[in-house]
Amino acid sequence: MRWSRYFINTLREVPADAEVISQRLMMRAGMIRKVAAGIYTYLPLGLRSIKKLELIVREEMNRAGSAELLMPAIQPAELWMESGRWQKYGKELLRIKDRHDRDFVFGPTHEEVITDTVRDTINSYRRLPINLYQIQTKFRDEVRPRFGLMRGREFIMKDAYSFHSSRESLDETYETMRAAYSAVFHRCSLDHVPVEADTGAIGGSASHEFMVLAQSGEDAVVSCPNCRYGANVEKATSKFFDDEVEPPASQAVAEVHTPGTQTIDDVGRFLGMPTSKLVKTLVFQADEGPVMVLVRGDREGNEVKIKNHLGTNRLDLLAGEGLFWATEFERQTGGPIGYCGPVGTKCARVLADHSLQGRSRWIVGGNKKDMHLDYAAPGRDFPEPEYGDFTTAIKGDPCVRCGTPLEIYRGIEVGHIFKLGTKYSDSMHCDFLDESGERKPMIMGCYGLGIGRTVAAAVEQSHDDDGIIWPMPIAPFEVVVTSIGKDESVLRTATEVYENLLAAGIDAFFDDRDERPGVKFKDADLIGFPLRIAVGAKSLAQGQIEWSWRKDRAKLLGPPADVVASVIEGVRAGRL
């Protein structure tokens, strides 16, 4: 393809509403164009990267035994009512009506449609398992769409669904799909890590996220460099607590006057003790009423873990400002803000992180202003709390599996796989007859991969001040041939180089514009072609042309035929 015949419009200025690196660079490079909040046109360059990724995804899904289909983007509301999500999904679900006033949705996901498809087609264990996937446009009406393709409202997604007659069959397919996802991101030359994750609104018994590592990533990822344990911070566990159990408390609980110490740091300074020896009190409003959560003073509570333990749909930190709120807090908990604790609390339930289990000396709020309690003991001074993992792991914590200090990275979620179980097959009666003729619900798995999001994550991971540095497998073009000047021999040689690359199966692009060299080179860097060949009169007079890799810009010279051979070898190696 020649630049003079292609649709590209690069920008020198950063778009005013571009918030993250991938959005800025992809808009400047003429790859995407904003149409409305969270809705983009994929311009020719951007679409080429999208299609290259889709090809890799299709190859790996097919290799994993998944068959492609295409479901409608618009779905009847009856299916969502049947699953129960019509009422539960929230405002992200775009509800629409047709001319007959019938309710539909623009699908944010396709569990309902695929379940309906399979239940009407398969009814015997003999036809299970089955694994189906599609690459489809989705829509989620985000309250604040941002970050370009990273969090848009309309987006392209690969979603797959598997149906099974046994948990063992699901486990086998789940591991096959997990390997397929790793293969996709490996083939895209993306530095990534699979991590244990919370199942969230989709539900299920287990899930893993696939994170592309990038400093600009939204999510914190916990990873062990030794045993490869990995999890997002919502899920990660560690062994930071002391395994030694202290002897039972022998000293009576004592009131300690602690004026002006509303924060845990204030209390630590006042008592001259590290906050790790104190107990921090958090209070949440849940479906069943106020819930108190006790954690070690130097740790942060993890709301996802707490919510999962409670099995609640609602969990809000009980906090606010003003006299009314302070009075309401004390009415619900039994103690003032900053001084509430478990001894005599009115909270419906009291949870405690397992790092506190076995301690005999608890320093907690005294449920009186300017008062804390020392030597408070569970089971004696207040009922034994419900113990569990309720805190967020941090860098340096011992790995829960091998004890190696954990590392924390920033990551961008690009894929998420779930063991759904029977959540949808139960509610939608997607059943099969087993060997004995008994009717049972099918066991499901769900596997999502963000296509546009993965392309954007590649930009977030690999760029510099001048533009994108594409990994070869998903670059819009692999090589750009740049002619410098109007000399006839330059144009002839550049054309020959370009055509020889095309003949060898190289995805080459010819910048044949009548522009200054500086403009051409800046555009090449901005767009991020992995390889650049420059044909200019000065070097050509010596029988040579120049070529360089975008990632390091190291310039090499050689005769045209030798450069073409070297580039062909380099491109083919870069595709692996």
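## About the model

The model is predicted, so local features are given where pLDDT is at least 70 and side-chain atom pairs count only at pLDDT 80 or more, while totals for chains, interfaces and linings use all residues. Residues are numbered from 1 along each chain as its sequence is written, and side-chain values use heavy atoms, with hydrogens and water left out.

## The whole chain

Let's begin with the overall picture. The protein chain holds 15 helices and 31 strands; these are DSSP runs numbered from the N terminus, with helices being H or I of at least four residues and strands E of at least two. Its C-alpha atoms fill a box of roughly 95 × 65 × 50 Å along the principal axes. Of the 576 residues, 52% count as buried (under 20% relative accessible area; exposed is over 50%, and partly exposed lies in between, with a 1.4 Å probe and protein chains only).

Among contacts (heavy atoms within 4.5 Å) with a separation of 6 or more, 69% link residues 24 or more positions apart. As for charge, there are 73 positive and 83 negative side chains, and the centres of the two sets lie 3 Å apart. Here Lys and Arg count as positive and Asp and Glu as negative, leaving out His and the chain ends; each charge is placed at NZ of Lys, CZ of Arg, CG of Asp or CD of Glu.

## Where α1 meets α11

Helix α1 (residues 21-28) packs against helix α11 (residues 451-461) at an angle of about 100°, and their axes are 8 Å apart. That makes the two helices roughly perpendicular, a label for angles of 65 to 115 degrees. The axes are lines fitted to C-alpha atoms over the stretch in contact, and angles run from 0 to 180 degrees between N-to-C directions. On the α1 side the contact is made by I21, S22, L25 and M26, and on the α11 side by V455, A456, V459 and E460.

In helix α13 (residues 517-527), the buried residues are V519, K520, D523, A524, D525, L526 and I527. Just after α13, G528 takes a positive phi of about 90°.

## A loop glycine

G396 sits in the loop between β20 (386-388) and β21 (407-421). Its relative accessibility is 42%, so G396 counts as partly exposed. Leaving aside residues up to four places away in sequence, G396 touches P405 and L406. G396 and F240 are 156 residues apart in sequence, yet 8.9 Å apart in space, C-alpha to C-alpha.

Terms used. Angles under 35 degrees count as roughly parallel, over 145 as roughly antiparallel, 65 to 115 as roughly perpendicular and the rest as oblique.
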